[in-house]
Amino acid sequence: MNKFERVAGEKATGKLKERVRKHVDDAMRRSQLVADADLDTFTADLSGRKFTAVVPKGVKLKSAIVVTEEGVDQVGLGAEFEVPTDTVSAQAAGHSAGTGLPRVAGACRTLWFDNPTSGASDDQVYDCYEKFKKSNSEYIYNRYSKMTVGQTEAAIRREVQEFTIRFREAKGYSRITGGPYNYGPLPSSLECNNAKFSYGGLEIPLVGCGGIQNLAGGSYYQTGTKYLGHETSQKYIDSYARYTSNGTTPVWSDYVWVTMSSCGWIPFTPCINGLNKWEESYTDGLWYR
């Protein structure tokens, strides 16, 4: 069992304080007033790798793990959180991407995964969710996430080969009666062409649809978005869907997966080897059954 150090955002120092400030800056750029005191941090050393999370107060880190495959430079890093999905303080909620319907819940979190590439800075995921209410039995759930590739020396190319976000009904809840409906974004759709999703008065801006796949289907009313490609700086992805409920507010659970790769730098040439690759993931505490 790994021991995680929890530090209140306003008490963070050194590099940890820098990461709190980065989370606050990201929120401020999205017109959301978030203060250090609205946040908590969790850090741990996992099999020689550093994991850091900056989350709204009230979120608890339950577990995290690193798994390596002998003979292959591949690492799986997962973290499980207990997230207060029904009520989050307005200050810690993060910016609202969508407009036009009441937002009944929302939050953002920043996750850092250090990486095995010599000289590289840490990879970063800024991930948010928000829940909109159209009626007592109709809700829209929206996810938006940004992956930032840690930079390294000029001779090494680092890239995102897969970036996936998913959501489904949370473990222990049976409130959803139908969905996902009106899910997206779908490649080459009207929503992608117009860079926004509209339904019932709600508008959600979209940041781009290049290289994506929609993941609607599967158990527990699941949907999501997967990016496949060779992005070397930042990648944004969105996912949204409409659901019906039994008259109570649904609770969703979130998932993030990132597969990174590194190789020698050759101009305009992506990494194609299967060795120098590692994977990073996040779920909240209500995902796994």
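Predicted model: local features only at pLDDT ≥ 70, side-chain atom pairs only at ≥ 80, totals over all residues.

Reader: Let's start with the cysteines. How many disulfides are there?

Author: A disulfide is a covalent bond between the sulfur atoms of two cysteines. Here we count cysteine sulfur pairs within 2.5 Å. C192 and C209 pass, with sulfur atoms 2.0 Å apart, and C263 and C271 are joined too, at 2.1 Å. By this rule the count comes to three.

Reader: Is C128 buried or exposed?

Author: Buried means a relative accessible area under 20%. C128 has 0%. That puts it under the cut-off, so C128 is buried.

Reader: Is the C263 and C271 disulfide left-handed or right-handed?

Author: Look at the torsion about the S-S bond. For C108 and C128 it is about 110°, so that disulfide is right-handed. For C263 and C271 it is about -85°, so this one is left-handed.

Reader: What pattern do the disulfides follow?

Author: Count the bonded cysteines along the chain. The disulfides of the protein then follow the pattern 1-2, 3-4, 5-6.

Reader: On to the rings. Are F197 and Y240 stacked or edge-to-face?

Author: A pair of aromatic rings is described by the distance of the centres and the angle of the planes. For F197 and Y240, the centres are 4.1 Å apart and the planes are at 25°. Planes under 30 degrees apart count as stacked, so the F197 and Y240 pair is stacked.

Reader: How many residues apart are F197 and Y240?

Author: Both of them are buried. F197 is in strand β11 and Y240 in strand β15, so we're looking at a link between distant parts of the chain. The separation is 43 residues.

Reader: Last one: which side chain makes a polar contact with T110?

Author: T110 lies in strand β6, and at 0% relative accessibility it counts as buried. Leaving aside neighbours within four places in sequence, its contacts include T52, V54 and Y126. The polar contact is 2.6 Å, and the partner side chain is that of H23.

Methods
Residues numbered from 1 in each chain as written. Heavy atoms only, no water. Helix = DSSP H or I, 4+ residues; strand = E, 2+ residues; numbered from the N terminus. Buried < 20%, exposed > 50% of the residue type's maximum accessible area, 1.4 Å probe, protein only. Polar contact = N/O pair within 3.5 Å; in protein donor to acceptor, adjacent residues only side chain to side chain. Contact = heavy atoms within 4.5 Å. Phe/Tyr/Trp six-rings, centres within 6.5 Å; stacked < 30°, edge-to-face > 60°.
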